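My entries follow in the order in which I looked.

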Amino acid sequence: MQFVATEHQHRRLNPLTGTWVLVCPHRTQRPWSGQQEKAQKNELPDFDPTNPLCPGVTRPNGIETPAYESTYVFENDFPALVEQVPAPPNSDDPLFQVAPARGNCRVMCFHPKSNLTLPTMTAAEIVVVINEWINQFNELSSKYAWVQIFENKGAAMGCSNPHPHCQIWSCSFLPTEPQLKQERLRAYYATNDRPLLGDYVERELQRRERIVIENPDWLVVVPFWATWPFETMLISRNNNKRINDLTLDQRYNLAVTIKELTTKYDNLFQCSFPYSMGWHGAPTGPEHAHASSAHWTLHAIYYPPLLRSATVRKFMVGFELLAMAQRDLTPEQAAQRLREVDGTCHYLDK
């Protein structure tokens, strides 16, 4: 019997982390009678006087959100990381190791209107968001080893407020995922004298099996090793190492790319498509200021949970928690579906 990737189970390696994913395409035929999510519809007013992220509304801590007209950044009222905190004592027991953790947590509103999301904003408005990401990164990266910009969109991804916003967590340490990438990217560069993701972009452009969007500055693919059904990676094609390396033209093309990708997501199941996304680039702070970043390539990752429709999502449970990640739809099939979906006109505008 000859192996067919769209029919036969197999494993794929994620070279960024060293972990494997189990691909089982034959499982797409199984019936589903499990939990179904509520479809994420965008039926919000542009202003909600009870929403603390709206301009002029008082937050739970008594601070009034100013009447902002563009982006707005503030210190998270309930931060996971703070700067002034006692360090834990050293432990000489290898089974009970602890380490200091200091940092900063901020919230960034994308727009004053609550009923907008990135796919329904204009490219010019998204450029403003990108510029503020870079402003925040410039400030925080001078002090912290890692600045994580991320967006949780939709209740299915644990988003506690529907107003368009993201978070920026800064850490005195290198978190687990970036640390894994740091080690793997550095090892690949030491062997090949080229950045791993630079080589990966070239291979994807040659094979053309998993490309969703491409332009001179950015490539969007469903990664060969994708775990989530419609997971994508947005990769710089200009050897950028960090988000503050971007030129004005690259920022504009990034805004266009983000709008097109998130429009495709919404149009796929005609809903406000939930996801978690975030940026990864070379580490920062005094510890990494003079270290080589040649092995890094700036990229963003989108992790959407929806699987079959606006109401059926992928769960990471059972075998996936106890053994290894598993997916049904192949990355090539997911890329084809996203590629074929319109990314220029949002379904709400049709």
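Helix α4 itself covers residues 248-269, and its 22 residues reach 33 Å from first C-alpha to last, close to the 32 Å expected at 1.5 Å a residue; the expected span is 1.5 Å times one less than the number of residues.

Before going on, I noted that this is a predicted model, in which local features need pLDDT of at least 70 and side-chain atom pairs count only at pLDDT 80 or more, while totals for chains, interfaces and linings use all residues. Residues are numbered from 1 along each chain as its sequence is written, and side-chain values use heavy atoms, with hydrogens and water left out.

Entry on the whole chain. I counted seven helices and twelve strands in the protein chain, where helices (H or I, at least four residues) and strands (E, at least two) are DSSP runs numbered from the N terminus. The radius of gyration is 21 Å, close to the 20 Å that the globule rule gives for 350 residues, so the chain is as compact as a globular protein of that length; the radius is taken over C-alpha atoms, and the rule is 2.2 Å times the number of residues to the power 0.38. Along the principal axes, the C-alpha atoms fill a box of roughly 65 × 55 × 45 Å. Of the 350 residues, 52% count as buried, with buried meaning under 20% relative accessible area, exposed over 50%, and partly exposed in between (1.4 Å probe, protein chains only). I also looked up contacts (heavy atoms within 4.5 Å), and among those between residues at least 6 apart in sequence, 70% join residues at least 24 apart.

Entry on α3. This helix has twelve residues and reaches 16 Å from its first C-alpha to its last, close to the 16 Å expected. Its buried residues are Leu196, Leu197, Asp199, Tyr200, Val201 and Glu204, and they pack against α2, β7, β8 (218-221), β9 (232-236) and β11 (299-303).

Entry on the loops at either side of α3. Asp193 lies in the loop between α2 (176-192) and α3 (196-207), and has a positive phi of about 60° although it is not a glycine. At 56% relative accessibility, Asp193 counts as exposed. Arg208 follows α3 and is placed in the loop between α3 and β7 (211-214); Arg208 is not a glycine either, yet its phi is positive at about 55°. I recorded Arg208 as partly exposed, with a relative accessible area of 46%.

Entry on Glu332. I found this residue in helix α7 (residues 331-340), where Glu332 is buried, with a relative accessible area of 17%. Beyond residues up to four places away in sequence, Glu332 touches Arg12, Glu209, Arg210 and Phe224.
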